[in-house]
Amino acid sequence: MKKEMEMTCIVCPVGCVMHAEMDGENIQVTGNGCKRGYTYAVNEMTNPTRMVTSSVLVKGGDMPLVSVKTKEAVPKGKIDEIVSLIKQAEVKAPVNIGDVIIKNAAGTNVDVIATRNVG
Amino acid sequence: MIKVDVAVIGGGPAGLAAALSARENGAEKVLIIERDARLGGILSQCIHNGFGLHMFNEELTGPEYADRYIRRVEQSDIEVMLNTMVLEVTRSKTIHCINSDRGYITVEAGALILAMGCRERTRGALNIAGDRPSGVYTAGSAQYMVNMQNFMPGRKVVILGSGDIGLIMARRMTWEGAEVKMVCELMNYSAGLNRNIAQCLVDYDIPLKFNHTVVKIHGRSRLEGVTIAKVDEKLKPIKESFEYVECDTLLLSVGLIPENELTDNLQVDMNPVTKGAVVDETRQTSLEGVFACGNVLHVHDLVDNVSKEADIAGRNAAQYLKNSIERTREIKVKSGENIRYTLPNYIRTDIDKLDIYYRVTKTIKPAVVDVYADGVKLKSKKLLVLNPGEMETINIDIPVDAREISVEARENI
Ligand SMILES: Cc1cc2nc3c(=O)[nH]c(=O)nc-3n(C[C@H](O)[C@H](O)[C@H](O)COP(=O)(O)OP(=O)(O)OC[C@H]3O[C@@H](n4cnc5c(N)ncnc54)[C@H](O)[C@@H]3O)c2cc1C
Ligand code: SF4
């Protein structure tokens with residue numbers, strides 16, 4: 001099966017505009033500024049993923065919220081579920097950068113971790 | 001009265017990196033003055049990822065990026081005064097500030113580094129007709145409410161301007177359950193990064209309407225809707241295209257302005273294009289011993305470049321104290337065709353290589369950038385595309401006898 005896509009690489013802020021063509025197993029990418037762009041294009045064709053960044057309620061801290069992120073990019077289709085898990089979550093201060101807030105979010109094998117220290 | 005070698009005004013990424021570099025290069029008493037309750041500047045509220053790819057080879061969120069520097073500052077003997085607002089600086093480098101515990105304080109500095117960042121343009125700068133209902137916010141203040149205060153500004157959102165903060169907030173508000181109806185952009189290109197258009201708008205089917213603006217705000221106490229319009233080549237709204245869009249929130253992402261109120265009093269030469277100070281390659285302003293870096297100097301899109309620039313300013317502030325910045329010449333760096341501005345504006349010391357930062361006035365695809373020294377071509381660089389929203393660099397070798405360097409960009413035919 002043949003498939004073609006025009007896309008902007010989101011791996012880094014340079015934002016290369018790339019063109020990808022898939023013919024069966026064979027994927028050709030042009031316009032990428034580096035290797036990471038190639039990997040991104042292949043993923044976009046086969047299993048697109050995104051980082052989720054949001055915040056979680058903190059009890060007893062010097063701030064009402066702690067910012068969080070998925071430790072790695074998660075499949076696009078799982079974003080909605082992860083966003084609502086994050087909304088329901090609540091933690092107690094203190095929280096440190098890197099603390100796991102939600103383990104294995106929505107069965108993705110990816111943890112949601114804190115990105116700020118809240119004392 | 002406090003006496004220091006280097007005083008840094010602002011504890012954002014620029015101030016943090018500048019202070020560290022001044023200290024590491026030999027300045028002994030370094031002080032950071034920050035009006036907020038914590039260090040980190042605007043990064044504290046930028047909880048999205050995309051920071052530090054060049055600096056750390058890792059994609060960090062804003063608070064994580066700031067934390068790397070904050071920890072280094074905490075481990076050093078750099079002094080930090082939080083909750084301290086600088087009210088005035090004088091040409092003799094005396095800083096007047098107020099602190100919530102200590103009251104009124106003056107600081108005398110050997111060298112001064114300006115790192116106050118920037119602020120957002122507001123509705124006042126835009127001239128939109130209508131009442132002043134609640135529900136109209138700058139994108140950055142909405143970001144502060146949602147990410148720091150846990151407060152949602154509204155449910156049905158229109159965004160005016162496609163700056164990065166607006167794009168990031170489009171996705172953030174969508175994730176928080178709001179309906180983001182559209183982003184209107186006056187120009188035919190976006191001021192934001194391509195990657196933000198892709199991951200914040202395209203992913204959520206939020207339309208980006210180029211050559212569109214908001215002409216009227218409806219509602220008396222609370223925003224009820226806006227009238228949007230297409231604009232012609234002269235950016236004038238076209239009557240026939242007026243369209244009413246119902247919304248309870250309008251976010252403005254229409255540009256950032258360096259926060260230079262303090263700088264005014266120093267009477268240094270300013271660049272009317274960047275609205276920041278004119279500097280040479282040491283990031284020194286026209287007033288000796290006063291340096292500037294980060295968004296107060298020119299608005300950056302990448303924090304990595306802010307840190308790099310601050311590193312230069314800090315190192316040179318330390319050199320200045322040792323009397324080792326020798327101004328041997330004055331080469332002007334000029335913006336030629338299609339270049340909006342360059343940084344630095346002058347070369348004054350005896351260096352032989354320089355990174356020139358520049359922005360173009362319009363999208364050029366594919367592009368060539370040429371650098372001339374007194375009319376003779378020094379260097380050419382080919383690029384796939386040049387966007388006005390993205391700062392670029394070009395490295396040059398400076399001829400010993402050069403008097404004027406000029407940067408130009410053109411389409412590569
Ligand atoms: C919303 C937004 C999103 C961004 N997204 C990205 C991104 O995805 N990736 C990326 O690489 N970059 C991004 N950037 C760019 C980057 O974050 C900024 O360029 C950088 O934070 C600027 O650093 P700064 O230190 O110059 O300014 P700031 O971070 O604004 O710090 C200035 C500090 O000075 C203090 N100050 C000002 N005046 C006074 C005074 N009178 N007295 C005492 N203190 C004072 C302020 O309180 C503040 O803490 C983004 C910027 C914004 C605004
Ligand atoms: S291809 Fe490489 S350089 Fe281009 S945007 Fe992607 S990561 Fe950045």
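## Basis

The model is predicted, so local features need pLDDT of at least 70, side-chain atom pairs count only at pLDDT 80 or more, and totals for chains, interfaces and linings use all residues. Residues are numbered from 1 along each chain as its sequence is written, chains are lettered from A and ligands numbered from 1 in the order in which they are written, and side-chain values use heavy atoms, with hydrogens and water left out.

## Interface of chain B and chain A

Chain B brings 33 residues to the contact and chain A brings 32. Contact here means heavy atoms within 4.5 Å. About 2,700 Å² is buried between the two chains, and carbon and sulfur atoms give 54% of that area. Buried area is the accessible area (1.4 Å probe) that two parts lose on being put together, summed over both. On the chain B side, B:E64, B:W175 and B:R195 lose the most area to chain A. Together they make up 22% of what that side buries.

Three salt bridges are counted between chain B and chain A. The term requires a side-chain nitrogen of Lys or Arg within 4 Å of a carboxyl oxygen of Asp or Glu. B:D203 and A:R50 meet in a salt bridge through their side chains, at 2.5 Å from N to O. On the chain B side, the elements giving two or more residues are β3 (49-51), α2 (62-75), α3 (139-149), α4 (164-175) and α5 (194-201). Helices (H or I, at least four residues) and strands (E, at least two) are DSSP runs, numbered from the N terminus. By class, that side has 11 nonpolar, 12 polar and 10 charged residues. Ala, Val, Leu, Ile, Met, Phe, Trp, Tyr, Cys and Pro count as nonpolar, Asp, Glu, Lys and Arg as charged, and the others, Gly among them, as polar.

## Domains

Chain B is assigned domain 1 (1-120 + 256-325), domain 2 (122-254) and domain 3 (327-413). Domain bounds come from an automatic or database domain assignment. The C-alpha centres of domain 1 and domain 3 of chain B are 26 Å apart. In chain B, 22 residues of domain 1 are in contact with 17 residues of domain 3. These two domains of chain B bury about 1,600 Å² between them, with 51% from carbon and sulfur atoms.

Four salt bridges are counted between domain 1 and domain 3 of chain B. The side chains of B:R348 and B:D280 form a salt bridge at 3.1 Å, N to O. Helix α7 (residues 303-321) of chain B gives the largest share of the domain 1 side, three residues. That side divides into seven nonpolar, eight polar and seven charged residues.

Chain A is assigned domain 1 (2-46) and domain 2 (53-114). Their C-alpha centres lie 29 Å apart.

## Ligands

Ligand 1 is surrounded by 32 residues, and the closest are B:A14, B:E34, B:I42, B:N295 and B:V303. A residue counts as near if one of its heavy atoms lies within 4 Å of the molecule. An oxygen atom of ligand 1 is 2.6 Å from a side-chain N or O atom of B:E34. An oxygen atom of ligand 1 is also 2.8 Å from a polar backbone atom of B:N295. A nitrogen atom of ligand 1 is 3.2 Å from a polar backbone atom of B:G50.

Ligand 2 has 10 residues around it, and A:C9, A:C12, A:C16, A:G33 and A:C34 come nearest. Its shell holds six nonpolar, three polar and one charged residue.

## Backbone sites

Most residues other than glycine have a negative phi, and most peptide bonds are trans. The peptide bond from A:A93 to A:P94 is cis, with omega near 0°. A:P94 sits in the loop between β8 (90-92) and β9 (100-102) of chain A. B:L343 and B:P344 are also joined by a cis peptide bond, with omega about 5°. B:P344 is in the loop between β24 (339-343) and β25 (346-347) of chain B.

B:D205 has a positive phi, near 55°. B:D205 lies in the loop between α5 and β14 (208-210) of chain B.

Terms used: A polar contact is a pair of N or O atoms within 3.5 Å; within protein, one must be able to donate a hydrogen and the other to accept it, and residues adjacent in sequence count only if both atoms are side-chain atoms.
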